[in-house]
Structure formats: C-alpha cells, structure tokens
Amino acid sequence: MKFTKMILLALIVVVAVVFAFLLFSASSSTQTNLDNANFDELFSSNEIPYTLSEETALSETVDIGELFQ
Amino acid sequence: MKKIFSIILLAFVFAFAINLVYADEVNLQTDQNIYVNSLSDLDNYSQTEFSLKIRFTQLLGSIDNKIYQLNETINFLTEYNLDTNTVENKLTELEQIKLDVLDVLDSNNFSKDDLILNYVSLKQDSQRIVFETRDLIIDVIPLELYPEFKDRLVTSNKQLKTESQERIKSLVKEHNSKMKQNMNKGFNEFRNGFCDNNADCFKDKELLKYNFKNKLLEGKTKLNIEHQMLVNKNFDKLQNMMMNRHNKFNNGQGQGFGGNR
C-alpha cells in the first residue's frame, strides 16, 4: 500500500514536471516568435515607410508660377 | 447744427477706422493661407532635415530655370530695343532669393522648424517675384511679339543642374538611412507595446505590420497639424523674414550686389 502511494506521488511529480516543461517551452517559443518579428523581416528595403526614391526626388519640381502664359 | 455735423464727422471717422482694421485683417488672412498652402509641398519631405533640404534643392532648380528665362527675356527685349530695367531688377531680386536658398542648403544650423519656415517664406517670395515679373513683361512686350517671345521661353531647359542632382542623390541616401534607423527603433517600441495587448500578434505578422503602418499614418497626420500650427504661430516671424529680405535687397542694390550677371 505504501509502495502504491509512493508510485502515485512519483507519477504526480513526473506529470507536474512535464506540464511545467511544456508551459516553459510554449512561452519560450512565443518569445521566439516575438523576437523574430523584427523590422527587417517585415519591411523589405524598398517598402520602408517614408523613404524616398532618387528617381522621384530628381523628377519633382516646386511650382513658383510661369513668367508667360 | 454743429452737433449734428460733429456726429456725422465722428461716424465717418469711425467707419473709416473700422474699414482699415477689417481690410488689414483680410490681407493677413490671405497671406497666412498662402503660407499654409505651401506646406502641402512638404507632405512627403517633412520627416527629416535631409528630406526638407531635398525640397530646397528642387526649389533652387525652379529658381535657376526662372533666372535662365529672365536672362532670355532681357536678351529678347534688348534685341527689340525695349526697356529692360524693370525686368533686370526682378532678376536681381530672384538671384538674391537663390543666394538665400543656397545659404540654407549649405548650413547645418537650421532645425526642422527653421527649415519649414524658411521654405514657405522663400517659396512665397519666389512666387511673388514671378507673378510681378509676369505683369511687367505683359506691359513691356508689344502684343505682336508675344508668339515669338513665348517660343523663346518654351525652349528653356528645365533639367536640374548636375550639382543639384548630386546634392539630391546624397540627401536621399542620408534621409533613407535616418528613416530606417528611426523606423527600426519605433517598430521595436511599438511591437513590444502592441504584443502585450494582442495575443494574435504572435501568430500574425501581417497584422503587426498593418497596425504599425496605421500608427505611422496617425503620426504623419499629427505632424501635418503641428506644421500648420507652426506656420500660424510664426506668422509675424514669416512677415519679418520677408521684410528683411526686401530691405536686404534694397540696400544691396545700392551697394551693387546682384550685379554679377
């Protein structure tokens, strides 16, 4: 009887350890996902918001009116 | 009788005073709107000092083009023995604006706010000179010569000078590098805050990207409002800048500057 109780206790401890391990690995994989979501991964160099292309900057002008129409 | 006369006189004086104040307000309002309207030019160029200087370089290109056209106009007027004095004065005035634009471009002492105020002021002054010159040209050139004169102006070269092109290329590089740095920093801060409150962000990176872009758009709208407030708040300063430039031009004419044509 005492032996059975010990086995049960050992089983509970093993289950608890496995559960704790699973919890830990889940949270660490979440952390990995979060870390992976970095800026360079989400935005390629030509889609970084508010950057300018040489072509556009060279072709745009400032309208200060015309001398003769 | 005397009393009635004095009341009528007083009423006239009063009405005149009100009219003066009202007319002054209307003018101020119009000018303020012109400055605010110029801000739309800066929509895609207001993020960094470098991008603002790109706009200044583009303004320089437009001024260079007008200086070329004014020189052509003077040649045209000389060929037909017409008066060139008034147009020459406008050319000198525009050359002074060009020097002011170059001063801004060559200096590192201007804050973003200073650059914005200088831009709206210099653009407004350039426009004023072009409009005034247009009226002068219409007065000086006889109607029958209009088609020939128009042809002469159409052939003007609108291409940016090589040094301006190189300046823009270098400014674009510096701007993009600064934006990447700012975006990286801003994104990390945003991601940490956003993912704390949205469990989905761990699974869906597109959602994270979409929300970050929305956050940037919000920031841009806020920035535009701040620029409008900056211009409205500094309206007197803008008027003074224009007056100082005007005085500098008048004094300079006496001292012979601008005569380097």
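This is a predicted model: local features need pLDDT of at least 70, side-chain atom pairs count only at pLDDT 80 or more; totals for chains, interfaces and linings use all residues.

User: In what order do the elements of chain A run from the N terminus?
Analyst: Helices (H or I, at least four residues) and strands (E, at least two) are DSSP runs, numbered from the N terminus. Chain A has three helices and zero strands. From the N terminus, its elements run α-α-α.

User: Which helices of chain A each supply at least two residues of the side that touches chain B?
Analyst: Two residues are in contact if their C-beta atoms, placed from the backbone, lie within 7 Å. The contact takes 21 residues from chain A and 43 residues from chain B. The helices of chain A asked for are H1 (2-36), H2 (39-42) and H3 (54-59).

User: Is B:Tyr35 buried or exposed?
Analyst: A residue is buried if 20 or more other C-beta atoms, placed from the backbone, lie within 10 Å of its own, exposed if 12 or fewer, and partly exposed in between. B:Tyr35 is found in helix H1 (residues 2-38) of chain B. B:Tyr35 has 21 C-beta neighbours inside 10 Å, so it counts as buried.

User: Leaving aside neighbours within four places in sequence, which residues is B:Val120 in contact with?
Analyst: B:Val120 is among the residues with the most contacts inside the largest nonpolar core, which has 37 residues. Such a core is a set of buried Ala, Val, Leu, Ile, Met, Phe, Trp, Tyr and Cys residues joined through C-beta atoms within 7 Å. Beyond four places in sequence, the contacts of B:Val120 are B:Tyr35, B:Ser38, B:Leu39, B:Val231 and B:Leu238.

User: How are H3(B) and H4(B) oriented to each other, roughly parallel or roughly antiparallel?
Analyst: Axes are lines fitted to C-alpha atoms, for helices over the stretch in contact, and angles run from 0 to 180 degrees between N-to-C directions. The two axes come within 10 Å and cross at roughly 165°. Angles under 35 degrees count as roughly parallel, over 145 as roughly antiparallel, 65 to 115 as roughly perpendicular and the rest as oblique. H3(B) and H4(B) are therefore roughly antiparallel.

Key: Residues are numbered from 1 along each chain as its sequence is written. Chains are lettered from A and ligands numbered from 1 in the order in which they are written.
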